[in-house]
Amino acid sequence: MARIAVLGAGVVGLTTAMLLGNDGHDVTVLERDPTEPHGDPEALWSGWERRGVNQFRLLHYFQPAFRDRLERELPTVVEGLDTAGAIRHNVMALVPEELSGGFREGDEQYEALTARRPVTEAVLARVAAATPGVDVRRGVAIDGVLAGSSVEDDTPHIVGVRCAGDDDIRADLVVDTLGRRSPMPAWLTAVGARAPVEEREDCGFVYYGRYFRSADGSVPPMIAGLLQDYGSVSILTLPADNGTWGVGIIVSARVEGHRRLAPRARGIPARCPLGRRRTARRRRRRDGRHRGRAPRLLPGRFAGRDRCGVGGRRVGVHEPVAGPRRHDRVVPRDCASRRGAQQRCR
Ligand SMILES: Cc1cc2nc3c(=O)[nH]c(=O)nc-3n(C[C@H](O)[C@H](O)[C@H](O)COP(=O)(O)OP(=O)(O)OC[C@H]3O[C@@H](n4cnc5c(N)ncnc54)[C@H](O)[C@@H]3O)c2cc1C
């Protein structure tokens, strides 16, 4: 059993914590935003303050892989989402039968279990808080990492995190799930480690989103695919929980007057200000020369490129930690030999 610090209680941090907690590890999740989720979906939607996640009230669709993974590994979250009014939606149902030949065996894999982000995250937070071995601490702002003595050469060995105005947290493994604006590269540099190589690109579009519900609670039929492209403008329509649906307008930032395109579909805004984001994509990877070092710190996205989706992303930390070489990876802190250290990092 290892002491693991998971940084950030977003969707990825909470999921990672539950998976590791269920494997018997002692997991502490540290989150800067102080507020716990309270109340029913409408109270969460209108009242849960999450300054740490800019896109909190923008459109989210949790992909089928997320549901599939939850069913296999975290069934209590599935129960919680069903109870909270999450919708089950299968994109295959939108394809006309003349084209698809009808629903066939295997198509159930495309079923998504999805809800507005505050509703989904609240369910994850509640199940995480009840998971043995998982301690979620809110209102704790991390402001750096702690380095112990080097394991190998001059590679700093991360042994925990510094918390602003709070006690330091020591850990065998630190998992960075602080989102795409994570200051981890700067924190690593501050303790003498080489920062991961980052690539950032401006996607060149602006994203407007708003959730709606109808006056009588009914949901209009979907008459086209979730995403429709019209040259420099795309329209996204996403089904969500409790009779709500989201409309997103994605437009090239070069289009003049794009603000006028903000969604004004018929329906009642689900008590949310219009969300708007200029989108950028950020990827982080370890420098090739550095491969196999710094075994104590696994950036949350290390398992693959983040393609802008929680659901589609592989569970990056759990598998290597829980895999056959689990003990090689997380247990020894005062590792014995250079060869041993290299094996742990592969
Ligand atoms: C416009 C937009 C639309 C999207 N749509 C979808 C979608 O439809 N489906 C989908 O699956 N994904 C979608 N995403 C992506 C999804 O929102 C992100 O992948 C997801 O939020 C990443 O989750 P995370 O837990 O890694 O990070 P975050 O959700 O960013 O969580 C990071 C957490 O770390 C905390 N934190 C930050 N700094 C500190 C600190 N110093 N100390 C302590 N805590 C700290 C923050 O408060 C926050 O709670 C969308 C993203 C955007 C921008």
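Let's begin at Thr-177, a residue in the loop that runs between strand 9 (173-176) and helix 7 (184-190). The model you are looking at is predicted. Is Thr-177 buried or exposed? Thr-177 counts as buried, because 25 other C-beta atoms lie within 10 Å, and the cut-off for that label is 20 or more.

Arg-50 sits in the loop between helix 2 (41-47) and helix 3. With 19 other C-beta atoms within 10 Å, Arg-50 is partly exposed. Setting aside neighbours within four places in sequence, Arg-50 is in contact with Asp-33 and Phe-56. Glu-36 is 14 residues from Arg-50 along the chain, and the C-alpha atoms of the two are 9.6 Å apart.

Now for the chain as a whole. It has 10 helices and 16 strands. Of its 346 residues, 38% count as buried. Among contacts with a separation of 6 or more, 69% join residues 24 or more positions apart.

Which of its residues are buried? They are Val-77, Gly-80 and Leu-81. These residues lie on the same side of helix 4, because they cover an arc of only 100° around the axis. The face turned away from that buried side carries the exposed residues Pro-75 and Thr-83. The cover over the buried residues of helix 4 includes helix 3 (64-73), strand 4 (111-114) and helix 6 (117-129). After helix 4 comes Gly-85, with a positive phi near 95°.

| Helix pair | Angle | Axis distance |
|---|---|---|
| Helix 1 (residues 11-22) and helix 6 | about 30° | 9 Å |
| Helix 4 and helix 6 | about 135° | 9 Å |

The angle for helix 4 makes it oblique to helix 6. Helix 4 passes helix 6 in a right-handed crossing. On the helix 4 side, the contact is made by Thr-76, Val-77, Gly-80 and Leu-81, and on the helix 6 side by Thr-120, Val-123, Leu-124, Arg-126 and Val-127.

How does helix 1 lie against helix 6, and which residues meet? Helix 1 and helix 6 are roughly parallel to each other, since their angle of about 30° falls under 35 degrees. Helix 1 passes helix 6 in a left-handed crossing. Val-11, Leu-14, Thr-15, Ala-17 and Met-18 of helix 1 meet Thr-120, Glu-121, Leu-124, Ala-125, Val-127 and Ala-128 of helix 6.

Three strands form an open sheet with antiparallel pairing, in the order 6-7-8. Which strands stand at its edges? Strand 6 (142-152) and strand 8 (169-170) do; each has a single partner strand, so one side of each has no neighbour in the sheet. Strand 6 pairs with strand 7 (residues 155-163) in the antiparallel sense over 7 bridges. Within this sheet, you can find Val-145 standing opposite Val-161 of strand 7.

Technical notes: Residues numbered from 1 in each chain as written. Predicted model: local features only at pLDDT ≥ 70, side-chain atom pairs only at ≥ 80, totals over all residues. Pairing = 2+ DSSP bridges. Helix = DSSP H or I, 4+ residues; strand = E, 2+ residues; numbered from the N terminus. Buried ≥ 20, exposed ≤ 12 C-beta atoms within 10 Å, placed from the backbone. Contact = placed C-beta atoms within 7 Å. Arc of directions from axis to C-beta. Axes fitted to C-alpha atoms, helices over the stretch in contact; angles between N-to-C directions. Parallel < 35°, antiparallel > 145°, perpendicular 65-115°, else oblique. Left-handed = near helix turned anticlockwise from the far one by under 90°.
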